[in-house]
Amino acid sequence: MTKRSEHKIETPKEKQNRHKAMEAITILEKIKHEFKEPPKAMEYFYDLYERVHCKHEAIHTDKVKVGTMCIQVPSEIVYALDAVPIRLCNGFYTDDEIGSDLLPSKSCPLVKATVGLFASDNFSDKPDVIVSPTTCDQKAKSGAIIEDMGYSIFDMEFPRTKESEESREYWRRSVRKFTKELSNDLGKKISKKALRESIKKVGLAQHLYHKLNILRKNENSPILGLDMFLVTNAFFFDKIDEWTTAVDALVKECEQRVKDEFNAAHKRSPRIVYTGSPPIFPNLKIPLIIEQSDAIIVADETCSSNRMFNDMVSVDEWFVNDMIDGVADRYLKGCTCPIFTKNDDRKRRILDLVRDYKADGVVYQAFAGCQVYEMEQRSVLEAMEKEGIPIIYLESDYSPSHLGQLTTRIEAFVESLKNRRRKK
Amino acid sequence: MKKIRDFINKADIKRFRFWLQLFFFVIFIYGGYFAINLGNSIPVFSCGYDREVGGMCYFLPLQHQLARPLDVLFSVASISVLIGFVTFLLWFIVFNKAWCGYACPLGTMQDWLTGLRKKLGIRYSTYTQPQFNKLKKIKYIMLAIVILSPIAVGMGLLGGEWRTAFCQICPGRMITPLFVGDVSQWSLDFSTKSAMILTSIGLVFTGLFVVGSFIKKRFFCFFCPMSAMHYIFSDAALLKLKKDGDKCTKCGDCYNVCDMQIKDIADDVESTNILRDDCIMCLKCVAACPEDDALHVDLVNYPIFKSTKGGFVKRMEIEELEKKND
């Protein structure tokens, strides 16, 4: 008798992982093969995503992991306490569907996906501590939902206005409190030297990002917007030193590409500034359609990319408390998140990007359910129209449906930009 | 040209400033020993009570001149007053408030006290915004004393000891001569009641000056009438501190390093001329700005020092880290 092979039924977690791996590999393959040859240094990032999202590999095994629910948790402080920050903002449709059962149907897919991941408790790098800044309503409230699942959450109070002196003081206090609690939690004291070093380390990462980003100002942008999103997204979870080394190599390669006048798209491809709800791997749906339609994203104003690296910390006197205050300011004052009462800074930023990166148009994408981005849409559109900058507003979520409609609209927009260019 | 420009923009402004301040300190405090005399219309507090002064603070002669009887003051005889004033303006107009940040001996002394505090590992203190808004008006009251009190003497309303009322209360009068070993100013004048009051206030202010600037960066500049006087004419100056609001992300780095806690430097994205009355033009803000061209110093509309990403990473020692990693 032949031995019957043992038949195993897939567990729900395995199924979830398989679905996520499919989502991940689909987009990766498209980015790798549907465009001109990507920079060789991008291999590191493609491989990283495969390891983490297809093979479910853990990246951090030796350090305490601090899960962050939003961009405002100061990574400088986490690194100074010898822990690693892992940003939990999630882009998987598989997790979004799990989260849908726990949140109102009209919630933001990003929040649903994040909650979904917690509900399934299926992390490749499970965070030991979770920090939830009270930024938008949905994130603030989902902190409590996650806490009910048995995780320990630290709510980091974040002001909703940023102009006033009170808000600055409030946020500084909040960051000081966070530092104290985290340091108690980890049983480590924050030292002057460690904090100074971590400020520089994060500063270097920001500096390299800027170096890479600035290359996109060239008439021939050496790198696709999609690749850029992969690079910045990797900063969510990668080891910072390895990320830095990889980006350094990428910068050098792209500098060479600029010299060789290599264009990642085509000569006449319209240049796009991308703004709105953050594209987070593998939900790079809209950027993918844009670049498939023969446009190229040359700059972005999103919290999964540009906003994460934008403002660097400067300190006058290197005392621990001054450094903490300096770090705090970076995360509040320069932030262009739509949760704030006013959005003049955001409009200024987009306009500046359009001018600086010589863009032909702006794509404004909001997640269906992300109320603040939806609400700001009108005023941003108005500001762009005033300056004669073409802009398109899209609403989307994580689901693979509506692709046809989105593609048609984006293709038409890109086509109109091309016409405009020709007429100039 | 591009190289020179790059070099300047990446310059270590702290060191440059330290040496320049020392240079001016020697010129103004010890100038007499080298037979240097830059006149007596200098727009900084290089105190005339220092017998070796290399160029005198304009306020001492100004007060003496204004104390003339009114009919003399408004006659041809006062052409010298006008000449003094024009000389003051000419000095000022070239460097604007950079006089405060780079040349003023009293300012330099405060920076040295700050340096001492830093060495001792003590944190600085700051004012809250409402305190700031109230306190900043004091310098205009001081300026009023500088101008009105000698005029009142000239009109016969006040006694002669009020002639240089501001000098009597200025900490510069007591501290500056110390550097040439002169302690004669360290006494109370009991000749008249008001002289006694003035010199007592002077003593208190001197104490405050030392303690204050140890705790708070550039404590005295906040109350300085010279700073107020500068501001009145600063629009005409050749050297300007400018801002390009479009480039500003409001990150607040400049405000963080500002000794004078000027909030506008970070928050005002409308003004192009960003010099405020408290500014001492030390240019720390330009050095701390991480955005290309957001802040710049112009000499007659020609930018001579600009904020750059490259300069920022150099000064923050990030560039070093980058090279080490390669």
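View 1. Residues 24 or more positions apart account for 75% of the contacts in chain A with a separation of 6 or more; two residues are in contact if their C-beta atoms, placed from the backbone, lie within 7 Å. In this predicted model, local features need pLDDT of at least 70 and side-chain atom pairs count only at pLDDT 80 or more, whereas totals for chains, interfaces and linings use all residues. Residues are numbered from 1 along each chain as its sequence is written, and chains are lettered from A, with ligands numbered from 1, in the order in which they are written.

**View 2. Helix α9 of chain A.** All 10 of the 10 residues of α9(A), residues 225–234, are buried, so this helix is largely enclosed by the rest of the structure. Among them are Asp227(A), Phe229(A) and Asn233(A). A residue is buried if 20 or more other C-beta atoms lie within 10 Å of its own, exposed if 12 or fewer, and partly exposed in between. Chain A has 16 helices and 8 strands, taken as DSSP runs (helices H or I, at least four residues; strands E, at least two) numbered from the N terminus.

View 3. An automatic or database assignment divides chain B into domain 1 (13–230) and domain 2 (238–319).
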